[in-house]
Amino acid sequence: MTALTPAIREALEGGHLAHLVTLNPDGSPQMTVVWVGLDGDEVVAGHLAEHKKVKNIRNDSRVSLSMETGGFDHRGFANYLVVYGTARVTEGGAVDLLRRLNGIYNPGSEFPAMPDVPGLITRISVDRVAGVGPWA
């Protein structure tokens with residue numbers, strides 16, 4: 001597991017949309033955009049239902065995510081973070097997590113009322129990071 005530096009933590013909690021890549025049963029990539037945050041050293045994303053990405057993680061735990069993080073390096077290249085990791089899915093807590101992330105992604109707005117569903121949380125242990133920025 002890779003140690004999350006303050007710069008990586010700031011990027012992951014900065015309200016940048018993340019592109020989550022999971023693997024379909026045939027090995028092809030499946031990508032979706034998710035809100036992400038941190039729970040300790042794990043990257044977390046909430047889901048209200050067992051969508052394709054969740055089914056894929058249950059089948060193959062290898063994932064990656066990328067996000068543009070704002071700013072530029074000394075060469076003028078846009079900063080972005082790529083996380084490679086191993087994911088697991090836990091039951092429950094999705095609505096609370098999505099409400100917390102809503103405050104980051106949509107400051108000043110109220111998260112809509114949700115049906116009484118436990119939902120799921122994807123928890124990603126970071127194996128390594130790449131990209132352009134202070135984490136490179």
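Modeller: Start at R58. With a relative accessible area of 41%, R58 is partly exposed. Keep in mind that this is a predicted model. R58 has a charged partner, E50. The two form a salt bridge, and their closest N and O atoms are 3.1 Å apart. E50 counts as partly exposed because its relative accessibility is 35%, between the 20% and 50% limits.

Side chains of opposite charge can pair when their charged atoms come close. A search of the whole structure finds nine salt bridges. Another of them joins D73 to R75, with 2.5 Å between the closest N and O atoms. D73 counts as buried, at 17% relative accessibility. R75 counts as exposed, at 51%.

Some salt bridges share partners, and these join D39, E42, R88 and R123 into one network. Look at D39 and R123 within it. Their side chains meet at 2.8 Å, N to O. D39 is in strand β3 and R123 is in strand β7, 84 residues apart, so this pair links distant parts of the chain. R123 is buried, with a relative accessible area of 14%. D39 counts as partly exposed, at 41% relative accessibility.

Now the core itself. The largest nonpolar core has 30 residues, and L12, V36, V43, L65 and L81 touch the most other members. Several elements each supply at least two residues of this core, among them α1 (6-12), β1 (18-23), β4 (42-47) and β5 (62-72). The largest share, five residues, comes from β7.

Follow L65 next. L65, in β5, is the bridge partner of L20. Those strands, β1 and β5, pair in the antiparallel sense over three bridges. S64 also lies in β5. S64 counts as buried because its relative accessibility is 17%, under the 20% limit. Leaving aside neighbours within four places in sequence, S64 is in contact with H19, L20, V21, V83 and Y84.

In a regular strand the side chains alternate between the two faces of the sheet. β1 shows this: A18, L20 and T22 point to one face and are buried.

Y84, a contact of S64, has the charged end of R128 over its ring, 3.8 Å from the ring centre. The structure also holds two aromatic pairs. One of them is W35 with Y105, stacked at 5.1 Å centre to centre with 5 degrees between the planes. W35 is in the loop between β2 and β3 (37-39), while Y105 is in helix α3, 70 residues apart. W35 counts as partly exposed, at 22% relative accessibility. Y105 is buried, with a relative accessible area of 13%.

Notes: Residues numbered from 1 in each chain as written. Predicted model: local features only at pLDDT ≥ 70, side-chain atom pairs only at ≥ 80, totals over all residues. Heavy atoms only, no water. Core = buried A, V, L, I, M, F, W, Y, C linked by side-chain atoms within 4.5 Å. Buried < 20%, exposed > 50% of the residue type's maximum accessible area, 1.4 Å probe, protein only. Helix = DSSP H or I, 4+ residues; strand = E, 2+ residues; numbered from the N terminus. Contact = heavy atoms within 4.5 Å. Pairing = 2+ DSSP bridges. Phe/Tyr/Trp six-rings, centres within 6.5 Å; stacked < 30°, edge-to-face > 60°. Lys NZ or Arg CZ within 6 Å of the ring centre and 35° of its normal. Salt bridge = Lys/Arg side-chain N within 4 Å of Asp/Glu carboxyl O.
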